[in-house]
Amino acid sequence: MIKVQDVSFTYKDETHPALEGINLEVPEGGFLGIIGPAGAGKTTLARAVAGIIPHHYTGDFYGSITVNGLDTVDSSLIDLSRLVGIVFQDVESQIISPMVEDELLYGLENFGVPREEIPERMEDALRRVGIPELRDRSISSLSGGQRQKVAIASVIALKPRVLVMDEPTGELDPRSSRQVFSLLKSLNEDLGITVIVIEQKIMLLCEFARQLAVMNEGKIVRAGHTREVLVHAEELEALGVNCPRVTTLSRLLAVKTGLELPPCVDLDTAERMVRGLMI
Amino acid sequence: MNNLFQYVPGNSLIHRLNPVSKLLLTVVICIAAFITDHIAVLLALLALDVLIGVTAGIAGRTWSILRGLLKIAAFLFLLQVLLIRGGTPVFWIITDLGLLNAAKVVLRLTVVCLPLALVLAVTRISDLTNALVQVLHVPYRYAFTLATAIRFIPQFLEEMSGIMEAQTARGVAFDQARGLKKFSMILPLCAPLLISSVRRTDQTAVAAEVRGFALRTRASAYKRYPFTRVDNAAVVFCAALLAAAILI
């Protein structure tokens with residue numbers, strides 16, 4: 001679905017590249033988590049996949065990104081945005097309309113969704129994110145988390161094939177963060193939408209993402225299946241990426257006992273492993 | 001102040017008018033206020049403004065806008081009274097002509113500003129822009145600019161109070177300053193406000209772009225804005241108002 005090949009990018013008027021030799025592949029229906037310290041180039045990569053780079057933010061772009069066969073440089077941003085929906089980190093600036101309903105209508109109207117289909121799409125999107133009761137509210141009366149959900153609803157109403165989320169849980173409490181990820185999971189599993197999510201909460205990524213990419217200083221340090229990446233827990237810790245406590249536990253146990261222990265990513269396997277060791 | 005321009009939901013006759021009729025009524029009131037030279041007509045127009053506010057069920061809002069305008073009006077009145085030299089003196093350097101003209105200027109200001117603020121209270125901004133594009137054939141990018149400008153007012157205020165809070169936390173005593181002193185304290189904050197706003201508008205532009213801004217045409221809007229009988233009546237009323245202002 002998404003193929004990133006040797007991509008390097010330097011923003012205009014910057015000397016340092018924001019992305020350097022990025023290679024990545026996400027299959028159709030995949031769920032990729034991107035993690036890394038601040039300034040690692042995560043947001044730049046998200047923008048590049050959505051085609052905002054190089055169409056809106058200009059600079060030196062090398063390599064190629066294709067989304068469903070469309071080259072992001074050769075295709076127009078309009079064609080790409082029919083395919084890729086993106087929710088920015090700063091949700092506030094993403095919301096265009098003063099009312100929730102209008103915000104959802106905006107994209108639907110512009111992309112020429114048939115009139116008779118619009119009400120259903122709006123209701124469906126609001127129901128999926130769990131805020132059908134907010135439809136007639138004004139944006140300024142909503143909390144940060146609610147605005148976040150409005151932004152997500154306005155994007156999924158357009159039924160994109162790929163959904164890119166830049167730190168969707170940045171302003172959310174643990175419970176709402178989990179809700180957002182459950183929503184992503186259902187979009188991914190029920191509708192087959194390919195999901196790319198930038199996230200700092202590693203535990204959520206371990207639980208929901210099937211693929212993980214670790215970024216640092218514009219490069220991808222590690223990429224692969226979530227479990228494979230977590231084998232290199234020490235490397236991640238060196239970058240300041242905290243591993244889940246169960247992973248740290250299994251790693252330390254492996255070091256202390258000298259046994260070949262696979263890294264654990266969830267509580268159940270950790271429990272089984274510890275019980276197994278105690279016998 | 002924060003919600004002075006915000007839409008107040010409602011289902012009054014005024015709310016249900018076509019946004020274009022509301023704008024027309026506003027513009028006609030403004031023109032009438034500038035054409036007429038009679039205090040009585042200006043007072044009648046002011047009464048009309050208030051009546052519109054009351055029938056729309058936003059008497060409270062009308063009153064708070066009036067109160068806000070009163071401060072500016074008082075300042076203008078004083079300035080006019082002290083500067084106009086014609087006519088016969090009534091008291092000290094104040095003349096009867098000065099009083100009359102000052103009253104007219106102040107009334108005109110109030111009569112013009114009030115409906116402009118009220119129209120935003122009874123119309124959703126999206127309806128306003130959609131109707132402008134659909135009925136008046138205004139190019140969408142201009143309508144969008146207008147809508148975004150209005151949409152960002154509460155956000156700017158929110159951001160400004162955020163910056164002020166941050167300054168207060170670092171020991172700036174905004175609450176103890178008044179008038180010019182307070183103004184001079186707020187002025188330097190405009191730089192961070194401007195910077196964050198520009199950054200924000202750029203993001204908003206991208207957000208609009210990726211959701212098909214460029215594809216939008218006159219026919220895009222989901223809602224339709226037909227002219228009803230009430231709208232026709234409003235147009236006739238506007239014509240009558242204009243004629244009255246010219247003839248009286």
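**Close-up views of a predicted two-chain model**

**View 1. Helices α6 and α7 of chain A, crossing at an angle.** In this predicted model, the axes of helix α6 (residues 118–129) and helix α7 (residues 144–156) of chain A come within 9 Å of each other and cross at roughly 140 degrees. The crossing itself is right-handed. On the α6(A) side, look for A:Ala125, A:Leu126, A:Arg128 and A:Val129; α7(A) answers with A:Lys149, A:Ile152, A:Ala153 and A:Ile156. Sorted by class, that contact holds six nonpolar residues and two charged ones, with no polar residues.

**View 2. Helices α6 and α7 of chain B, roughly antiparallel.** Over in chain B, helix α6 (residues 125–134) and helix α7 (residues 140–169) have axes that come within 9 Å and cross at roughly 165 degrees. That angle is over the 145-degree cut-off, which means α6(B) runs roughly antiparallel to α7(B). The two helices of chain B make a right-handed crossing. From α6(B), the contact draws on B:Ile125, B:Thr129, B:Leu132 and B:Val133. From α7(B) come B:Tyr140, B:Ala143, B:Phe144, B:Leu146, B:Ala147, B:Ile150 and B:Arg151. Nine residues of this contact are nonpolar, one is polar and one is charged.

**View 3. The six-stranded sheet of chain A.** Here's an open sheet of six strands with mixed pairing, in the order β6-β7-β8-β3-β9-β10 (chain A). The edges are β6 (84–87) and β10 (219–225) of chain A, each of which pairs on one side only. Going from one strand to the next, the twist averages 15 degrees. Zoom in on strand β3 (residues 31–35) and strand β8 (residues 194–198) of chain A and you'll find a parallel pair with four bridges. For a handy landmark, A:Phe31 stands opposite A:Val195 in β8(A).

View 4. Helix α8 (residues 174–190) of chain A lies across β3, β7 (162–166) and β8 of chain A. Relative to β8(A), the helix runs at about 155 degrees. The loop between β7 and α8 of chain A holds A:Glu167. Check the backbone there: phi of A:Glu167 is near 45 degrees, a positive value in a residue other than glycine.

**View 5. The four-stranded sheet of chain A.** Four strands of chain A make up an open, antiparallel sheet, ordered β2-β1-β4-β5. Its edge strands are β2 (19–26) and β5 (70–71) of chain A, and each pairs on one side only. Strand β1 (residues 2–11) of chain A pairs with β2(A) in the antiparallel sense, over five bridges.

**View 6. A cis peptide bond in chain A.** The bond joining A:Ile53 and A:Pro54 is a cis peptide, with omega at about 5 degrees. A:Pro54 is found in helix α2 (residues 52–55) of chain A.

**View 7. Where the two domains of chain A touch.** Ten residues of domain 1 and seven residues of domain 2 take part in the contact. On the domain 1 side, α9 (202–208) and α10 (226–230) of chain A are the elements giving two or more residues. The most comes from α9(A), with four residues. By class, the domain 1 side has seven nonpolar residues, one polar and two charged.

**View 8. Chain A meets chain B.** The contact between the chains takes 27 residues from chain A and 24 residues from chain B. On the chain A side, α3 (77–83), α4 (91–94) and α5 (100–110) each supply at least two residues. Of these, α5(A) gives the most, with six residues. Split by class, the chain A side has 13 nonpolar, ten polar and four charged residues.

Technical notes
Residues are numbered from 1 along each chain as its sequence is written. Chains are lettered from A and ligands numbered from 1 in the order in which they are written. This is a predicted model: local features need pLDDT of at least 70, side-chain atom pairs count only at pLDDT 80 or more; totals for chains, interfaces and linings use all residues. Ala, Val, Leu, Ile, Met, Phe, Trp, Tyr, Cys and Pro count as nonpolar, Asp, Glu, Lys and Arg as charged, and the others, Gly among them, as polar. Axes are lines fitted to C-alpha atoms, for helices over the stretch in contact, and angles run from 0 to 180 degrees between N-to-C directions. Angles under 35 degrees count as roughly parallel, over 145 as roughly antiparallel, 65 to 115 as roughly perpendicular and the rest as oblique. A crossing is left-handed if the near helix is turned anticlockwise from the far one by less than a right angle, and right-handed if clockwise. Two strands pair if DSSP finds at least two bridges between them.
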